[in-house]
Amino acid sequence: MKNVRLNALNMDVSVANNVFYFDEGYVQDLKPKLDFLKWKHGIGEYPVPNNAFGHMVCADSGQGSFFYVFYLKSQDGWTDIRVRAHEETHALDKMAGLQQLNGRIRASGFNVNLPDYDYETRACIGGGILLLYGDRI
Ligand SMILES: [Zn+2]
């Protein structure tokens, strides 16, 4: 096992040694980065909503599981932290599960149980709670 740092969520998470996480940072446009990762890992169709501000891509191969987050630079810090935490929550969800984040949220007094929600809503909650209450959790 090894630790992976999720900067926006402000947490370290333990993952298997064959899990590789890359925070690719800000990009000018999501599509070229996505196209590059699709080519690099031989991924087929990978839909990106037209209104996306960021993206998380995962790819499995014989060498392990690869996770990438990247995002557009937002003009305001609030949107920026929400988008980054949203994409990190997606990665966390697939890499290690949400128990650790869910525990932090609940320990801060929020009666939220992330596994009760669908994949996209879980990431919205992760990003939103970090935006609104990041100093508390
Ligand atoms: Zn999402």
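This is a predicted model: local features need pLDDT of at least 70, side-chain atom pairs count only at pLDDT 80 or more; totals for chains, interfaces and linings use all residues.
**Overall fold**

The chain holds four helices and five strands, arranged along the sequence as β-β-β-α-β-β-α-α-α. Its radius of gyration is 15 Å, close to the 14 Å that the globule rule gives for 137 residues, so the chain is as compact as a globular protein of that length. The C-alpha trace spans about 45 × 35 × 25 Å along its principal axes. Of the 137 residues, 31% are buried. Among contacts with a separation of 6 or more, 57% are between residues 24 or more positions apart.

Confidence averages a pLDDT of 91 over the chain, and 98% of the residues score at least 70. By element, mean pLDDT is highest in β3, at 97, and lowest in α4, at 86.

**Strand pairing**

β5 pairs with both β3 and β4. The table sets out the two pairings.

| Pair | Sense | Bridges | Example of bridge partners |
|---|---|---|---|
| β3 and β5 | parallel | eight | Y21 and F67 |
| β4 and β5 | antiparallel | eight | M56 and V69 |

β4 and β5 also form a hairpin, with two residues between the strands.

In soluble globular proteins, nonpolar side chains tend to be buried together. The largest nonpolar core of this chain has 29 residues, and the members that touch the most others are L9, M56, F67, Y68, A91, L92 and M95. At least two core residues come from each of β1 (2–6), β3 (19–27), α1 (30–41), β4 (54–61), β5 (64–72), α2 (77–95), α3 (99–107) and α4 (119–133).

Beyond its neighbours within four places in sequence, M56 is in contact with F67, Y68, V69, E87, H90 and A91. Of these, V69 is also the bridge partner of M56 in β5. E87, H90 and A91 are among the buried residues of α2.

**Helix α2**

α2 has 19 residues, which at 1.5 Å a residue should span 27 Å; the end C-alpha atoms lie 26 Å apart, which agrees. The buried residues of α2 are R82, V83, R84, A85, H86, E87, E88, T89, H90, A91, L92 and M95. Just after α2, G97 adopts a positive phi of about 85°.

Notes: Residues are numbered from 1 along each chain as its sequence is written. A nonpolar core is a set of buried Ala, Val, Leu, Ile, Met, Phe, Trp, Tyr and Cys residues joined through C-beta atoms within 7 Å. A residue is buried if 20 or more other C-beta atoms lie within 10 Å of its own, exposed if 12 or fewer, and partly exposed in between; C-beta atoms are placed from the backbone. Two residues are in contact if their C-beta atoms, placed from the backbone, lie within 7 Å. The expected span of a helix is 1.5 Å times one less than its number of residues. The radius of gyration is taken over C-alpha atoms; the globule rule is 2.2 Å times the number of residues to the power 0.38. pLDDT is the predictor's confidence in each residue, from 0 to 100. Two strands pair if DSSP finds at least two bridges between them.
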